[in-house]
Each structure stands twice: as C-alpha cells, then as structure tokens.
Amino acid sequence: MTIQKISALAIAGLMSLGVIATVAQDAFVAPATPEEAVAARKAIMRENGMQLRTAGRLAGDEAVATMQTLFDNYSHLPLLFPEGSIVGDSEALPAVWERWDEFVAIADATRDSAQAGLEAAKAGDTAGYTAALQAIGGSCNQCHQVFRR
C-alpha cells in the first residue's frame, strides 16, 4: 500500500471520528415515562447548577465545553416536562403545564443565552461570556420562582 493510500485512509478515519464525536456530543433521548422525565430533569438541573457554579472561572476550551453543555441541556428542557410528570419527588408545580407557553419561552431564552455564551467563549469574548452567564442565572431564578416548589 502506498503512503498516499495510507494517508488518505488515516485522514478518512480521523474525519469519521469527528463526525461520530459531533453526533455523540448531544445524544439526547426523550424520557419514555413520567418517572424517567423526573429523573432526567433532576439530573440535568443538577448538572446545570454545577456548570454554572464554576463557569465564571473558566476560559478557552473549558468555557466552550460548559456553554455547549448548557446549550444542549436547555435545548431539551421542555421535552423533560411531558404532561403528567408530577410524580415521585418532582419539584415541578402544575403551573408548568398551566402556563406552558411562558415556561417554554423562559427555556428558549435560556437556550439562546447559552448559545450567545458559546459563541462568546469560542471568540474569547470575556464580556459576552460573562453577560450570557448572568442572563442564564437570571432565567434560572425566574423559572424556579414560578414553576418550582
């Protein structure tokens, strides 16, 4: 086998790994039961809290990774609140479903803030990154005041 073929195969292999990594980066699967929904949203909220507690001290690739995680999590948030998923140790109030459009608007605004933070982190824009973190924190507080017991 020639060096050109070996190089071509190696490049193709690396490119396929990049595609797989990109697809696997956000391998979200919607919960199948109300109990799974509660467990999944509690896990994501816990992860978001941990990310946000340290995010202000991050820069570079770590800041990008944090914002990517937050963006992915907030993109899926409404799917973690299927109707009838106030079971077990759920902290969601009935207001989530009674005021669904408002709930989704807050989730969308938070996702958009995470997208802005991701773009800022990639660009090395500390002010933009910090502003996005503040907006995300404000959205979290707003949502929890209205929709969480």
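## A first look at an all-helix model

The protein chain has six helices and zero strands. From the N terminus on, its elements run α-α-α-α-α-α. Please keep in mind that this is a predicted model. Of the 149 residues in the protein chain, 33% are buried. Contacts also reach across the sequence: among those between residues at least 6 apart, 74% join residues at least 24 apart.

Which residues of H2 are buried? They are Ala-37, Val-38, Arg-41, Ile-44, Asn-48, Gly-49, Gln-51 and Ala-55. Looking down the axis of H2, you would find these buried residues within an arc of 165 degrees, so they line one face of the helix.

What does the buried side of H2 pack against? Its partners are H3, helix H4 (95–98) and helix H6 (126–147). The face turned away from that buried side carries the exposed residues Glu-35, Arg-46 and Arg-53.

Glu-36 also belongs to H2, which covers residues 34–55. Is Glu-36 buried, exposed or partly exposed? Its relative accessible area is 41%, and therefore Glu-36 is partly exposed. Val-87 is 51 residues away from Glu-36 along the chain, and the C-alpha atoms of the two are separated by 9.9 Å.

### Asn-73, a residue of H3

Next comes Asn-73, which lies in helix H3 (residues 60–76). With a relative accessibility of 8%, Asn-73 counts as buried because the cut-off for buried is under 20%. Which residues does Asn-73 touch, leaving aside those up to four places away in sequence? The answer is Ile-44, Glu-47 and Asn-48. The side chains of Asn-73 and Asn-48 are also joined by a polar contact of 2.7 Å.

### Spaces in the model

Empty space is worth a look too. Rolling a probe the size of a water molecule over the atoms shows where such space is left. A search of the whole structure finds one cavity of 30 Å³ or more.

| Space | Volume | Element giving the most lining residues |
|---|---|---|
| Largest cavity | about 60 Å³ | H6, four residues |
| Largest pocket | about 500 Å³ | H2, eight residues |

The lining of the largest cavity consists of Met-45, Tyr-74, Leu-77, Ile-106, Ala-107, Thr-110, Ser-139, Cys-140, Cys-143 and His-144. Helix H5 (100–123) and H6 are the elements that give two or more residues to this lining.

The largest pocket is lined by 22 residues. Which of them lie nearest its centre? These are Arg-41, Met-45, Arg-46, His-144 and Arg-148. H2 and H6 each supply at least two residues of the pocket lining. Met-45 and His-144 are among the residues lining the largest cavity, and both are also named among those nearest the centre of the largest pocket.

Technical notes. Residues are numbered from 1 along each chain as its sequence is written. This is a predicted model: local features need pLDDT of at least 70, side-chain atom pairs count only at pLDDT 80 or more; totals for chains, interfaces and linings use all residues. Side-chain values use heavy atoms; hydrogens and water are left out. Buried means under 20% relative accessible area, exposed over 50%, partly exposed in between (1.4 Å probe, protein chains only). A polar contact is a pair of N or O atoms within 3.5 Å; within protein, one must be able to donate a hydrogen and the other to accept it, and residues adjacent in sequence count only if both atoms are side-chain atoms. Contact means heavy atoms within 4.5 Å. The arc is that of the directions from the helix axis to the C-beta atoms. On a 1 Å grid over the protein atoms alone, a cavity is a set of points where a 1.4 Å probe fits but cannot get out, and a pocket is an open set with protein on both sides within 12 Å along at least five of seven lines; lining residues have an atom within 4 Å of a point. Grid points are joined across faces, edges and corners, and a volume is the space filled by probe spheres set on the points.
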